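Please open the model in a viewer and keep the selection panel at hand.

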Amino acid sequence: MARIVVDPVTRIEGHLRIEAQVEGGMISDAWSSGTMFRGIELILRGRDPREAWIWAQRICGVCTMVHALASVNAVEDALGIEVPDNARLVRNIIAATQTVQDHVIHFYHLHALDWVDIVSALKADPAKTSQLAQSISNWPMSSEKYFKSVQDRVTALVASKQLSLFGAGYWGHPAYHLPPEANLMAVAHYLEALQFQKEFIRIHAVLGGKNPHLQTFLVGGMATVMDPNEPGATVNPERIDFLLQVAKSAQSFVNQVYIPDVLAVAGFYRDWFERGEGLGNFMSYGAYPQGSIKDPANFFLARGIILNRDLSKVHPVDPANVTEYVTHSWYEYSGGDQAAKHPFDGETNPKYSGPKPPYEFLEVDQKYSWLKAPRYQDQPMEVGPLARLLVAYASGQPDVKALVDATLTKLKAPPAALFSTLGRIAARALETQLLANRLTGWVEELGNNLATGNLRIHNGEKWDPKSWPKTARGFGFFEAPRGSLGHWVEIEDQAIKNYQAVVPSTWNAGPRDARGQRGAYEAALIKTPVADPDRPLELLRTIHSFDPCLACAVHVVDARGHTCSRAEA
Amino acid sequence: MRALRGTLPKALSIRGVSRREFVKFCNLMVATLALPPRYLSAVEKALTQSTRPVLVWLEFQDCAGNSESMLRTSNPTVAEFVLDLFSWEYHELIMAGAGKQAEEALERVVREHKGEYIAVVEGAIPTADGGVYCTIGGKTALEIAKHVCGSAAANIAVGACAWDGGLVRANPNPTGALGLQEAVPGLKNLINLGGCPHNPANTAAVLVHYLTFHDLPALDQYSRPLFAYGNIIHDQCERRAHYDAGRFVEEWGDEGHRKGYCLYKMGCKGPEATYNCPTVRWNDGTSWPVKAGHGCIACASHRFWDTKSPFYKRLPSVPGFGVDVTADEIGWVATGAVAAAMVAQVAGNMVRDKMRAKKAAEKASEPLDSRGA
């Protein structure tokens with residue numbers, strides 16, 4: 001029996017540490033720990049709720065904009081503001097762009113190296129690589145010459161003896177199964193995806209001024225003014241053409257590169273359809289309103305909960321049932337750490353009680369993480385692309401059902417295969433395809449509104465804080481790339497009294513609760529094989545399949561009555 | 001075009017690039033730095049060293065937004081940085097190795113390249129309670145920063161958090177967060193590239209500059225490169241003519257907003273902020289916040305989260321400033337204070353004006369965006 005520690009878990013956002021018990025070549029227990037804390041919600045107290053999104057957005061720079069959107073949703077909910085249709089469309093376009101971008105980067109730059117052995121690509125025959133590429137896709141960059149040039153670049157890198165980012169990889173690990181040609185193709189697409197992500201994200205630059213950290217959200221709408229005749233307007237006919245062109249290029253990349261690659265890689269790693277299963281409970285708040293945000297029935301991706309892998313029933317989501325535990329987190333609750341608290345009644349008193357750094361192991365039977373443990377009706381939930389896809393699938397959304405069924409047929413796998421490490425990867429790819437295809441439609445709708453003179457982009461009725469009630473509170477939901485995101489805000493005397501975020505990676509990466517129930521990562525790691533405890537590649541595969549985002553996950557909740565003891569430095 | 005040097009063919013074969021590609025690339029570098037053509041040979045030489053300089057990128061109390069921003073760089077691209085220009089040996093967000101292997105890679109750099117490598121730092125460093133608010137591999141961010149940055153040839157703090165503590169340090173600063181230069185005083189060759197996030201075009205220029213000349217460009221009192229932080233945003237703004245003519249956005253989405261009028265009344269901080277945002281723009285020069293319709297939040301100014309918020313509050317009248325004061329006056333106040341310190345435009349003349357700018361910077365009492373900071 002051996003305790004293995006992976007810290008830092010790299011190729012993720014933020015600071016994650018995994019400790020795992022390995023018995024007989026298999027993980028028997030695991031603990032997930034977030035090792036960084038900033039306290040952004042504390043910092044938000046007393047500030048203007050209209051600018052909360054600017055601050056909250058900095059919770060994360062990888063899934064940038066998702067906290068901005070959840071924040072304006074929360075403040076609009078509190079103040080009873082309905083945004084114009086154009087603002088809804090622009091927000092959908094920005095959000096779908098973010099998710100497509102994030103998923104592509106995740107697959108190629110954060111996850112692929114768990115499955116792709118770069119060094120093996122040196123042995124590939126470029127002619128055979130070209131044949132392989134052409135057999136799975138009509139993507140034009142597939143000539144022998146092209147793959148030879150990529151291989152030359154890898155050869156040069158290895159010959160230089162300076163492997164740069166790739167120096168400390170697990171190359172040659174027995175769990176790598178791709179043939180050299182598939183590895184070479186994947187390396188080529190790794191580089192192409194680097195190029196793609198920076199081109200595609202120009203949609204955010206047009207509609208948000210920049211990426212990361214967009215700057216055009218407003219409580220009440222967007223600052224992206226529309227005018228068919230003004231070159232100074234953010235949205236005009238020329239920009240619509242540009243957005244369409246970029247959105248279509250994303251469709252091509254996703255359909256011709258990303259999807260075929262995922263299917264090809266999955267074919268060589270079929271045993272990972274049976275690993276990394278995890279909790280079996282899935283939750284999605286639903287996202288992408290196609291009408292009022294108050295009515296989830298019109299959402300492009302449905303809202304709901306699936307329990308115990310039962311796809312025959314979708315349970316409703318009631319925000320009142322979300323709570324958080326700190327039993328195993330470095331915080332204190334007044335009234336004891338055994339009971340959970342709803343975000344509106346939450347508290348945050350950071351209190352580190354772990355080992356004094358530098359340390360070798362955490363005290364995992366005590367408190368061991370800066371993440372809290374969110375629960376829905378006391379149940380741990382997995383959130384993210386797989387949860388969204390399963391909820392949409394089980395809800396009978398026709399486009400999702402057709403796509404999932406067709407993919408499962410191609411993979412010769414039953415729906416139950418989706419409850420796995422590879423299932424998360426497949427779900428993320430399929431969601432990317434759905435959104436990339438839908439994105440052009442939303443841009444066209446925006447273009448139609450522009451053409452027909454529907455130019456309203458902001459509802460300014462409640463912009464003046466004098467128009468607000470003395471107190472108000474509300475919440476905003478969104479499905480970020482990594483899963484269900486909720487912001488809760490309490491406003492008093494025109495300022496933020498209390499601000500809280502319960503975010504995707506807190507659901508997934510959180511520690512145990514008062515009853516000892518594991519979080520999603522911890523549960524998914526059970527029974528994961530580890531061939532070489534010194535190089536736990538398999539552990540990374542399952543953890544990465546969730547696409548961890550730790551900066552998001554660690555936050556301070558509430559602070560009602562809590563005075564921060566630290567003076568400003 | 002200068003003839004390529006004798007050692008070049010070998011160097012090219014090592015890099016796996018054709019001669020044509022290489023020449024194109026060198027020209028691109030020269031353009032990035034806005035150097036006169038005669039610097040081409042220096043760039044060539046820098047790019048054909050048999051060993052690439054080693055770079056490590058440390059993330060502390062961060063959101064990874066600066067790492068993501070770096071992925072968006074075009075001149076050079078991130079692939080060129082990582083594969084051709086540097087040996088980018090540690091970067092949690094994108095490196096292949098994890099856990100023990102990652103930590104060993106970092107330790108090896110400190111041990112084998114002491115005093116030779118570049119350390120890029122992203123995120124603030126918590127100093128309260130023994131630094132427990134950020135640990136990596138069981139070690140505190142502060143300990144890692146002292147160890148790694150203390151042995152680096154140059155330290156580059158990217159983004160607001162690494163520069164001055166940024167958002168993490170905003171009141172009440174729950175974790176005692178500081179920027180690199182305050183958390184680890186006395187670091188040599190430190191350069192701050194503020195912004196939330198940093199603009200990767202500027203960082204790329206600094207890296208290529210360092211690669212070529214083994215030196216940093218001219219800096220201001222905050223150790224920021226003058227080429228990027230020497231000019232007031234308001235003076236470079238495409239909406240400036242509207243300001244001068246008294247045409248303002250009065251309400252979000254109004255006719256003035258659609259026509260691209262000045263955002264001053266909506267809280268824009270452009271008149272008090274310096275950055276080359278309006279000229280370099282973002283994401284391959286596509287746009288920047290003011291162009292996209294929202295006011296500037298002065299994200300490249302010192303401790304902007306506290307000093308420049310509330311972000312929708314109109315800037316107060318300050319001597320020589322106000323809507324009722326003519327634009328000319330504003331212009332004179334702005335440019336008069338540090339006219340001599342300003343290096344022409346964007347990355348232009350970074351090298352040629354280096355000595356002159358340094359001297360001028362010494363004379364300037366404080367940076368243009370330091371009010372309230």
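At what angle do helix α9 (residues 237-268) of chain A and α12(A) pack, and how far apart are their axes? The two helices of this predicted model pack at an angle of about 165°, and their axes are 9 Å apart. Because angles over 145 degrees count as roughly antiparallel, α9(A) is roughly antiparallel to α12(A). The crossing in which α9(A) passes α12(A) is left-handed. Colouring the residues of this contact by class gives 20 nonpolar, seven polar and one charged.

On α11(A), select Asp399(A), Val400(A), Leu403(A), Val404(A) and Thr407(A). On α12(A), the partners are Ala426(A), Leu430(A), Gln433(A) and Leu434(A). By class, the residues of this contact comprise six nonpolar, two polar and one charged.

Now show chain B beside chain A and select the residues where the two chains touch. Chain A contributes 92 residues to the contact and chain B contributes 86. On the side of chain A that touches chain B, the elements that each supply at least two residues are β1 (2-6), α1 (40-44), α2 (52-56), α6 (144-159), α7 (180-200) and α8 (202-208). The largest share, six residues, comes from α6(A). That side of chain A divides into 44 nonpolar, 27 polar and 21 charged residues.

Chain B has 20 helices and nine strands. Of its 373 residues, 61% count as buried. Among contacts in chain B between residues at least 6 apart in sequence, 72% join residues at least 24 apart.

The last stop is helix α11 of chain B, residues 200-213. This helix has 14 residues and reaches 20 Å from its first C-alpha to its last, close to the 20 Å expected at 1.5 Å a residue. Is α11(B) largely enclosed or largely open? Of its 14 residues, 13 are buried, so α11(B) is largely enclosed by the rest of the structure.

Methods:
Residues are numbered from 1 along each chain as its sequence is written. Chains are lettered from A and ligands numbered from 1 in the order in which they are written. This is a predicted model: local features need pLDDT of at least 70, side-chain atom pairs count only at pLDDT 80 or more; totals for chains, interfaces and linings use all residues. Two residues are in contact if their C-beta atoms, placed from the backbone, lie within 7 Å. Helices (H or I, at least four residues) and strands (E, at least two) are DSSP runs, numbered from the N terminus. Ala, Val, Leu, Ile, Met, Phe, Trp, Tyr, Cys and Pro count as nonpolar, Asp, Glu, Lys and Arg as charged, and the others, Gly among them, as polar. The expected span of a helix is 1.5 Å times one less than its number of residues. A residue is buried if 20 or more other C-beta atoms lie within 10 Å of its own, exposed if 12 or fewer, and partly exposed in between; C-beta atoms are placed from the backbone. Axes are lines fitted to C-alpha atoms, for helices over the stretch in contact, and angles run from 0 to 180 degrees between N-to-C directions. Angles under 35 degrees count as roughly parallel, over 145 as roughly antiparallel, 65 to 115 as roughly perpendicular and the rest as oblique. A crossing is left-handed if the near helix is turned anticlockwise from the far one by less than a right angle, and right-handed if clockwise.
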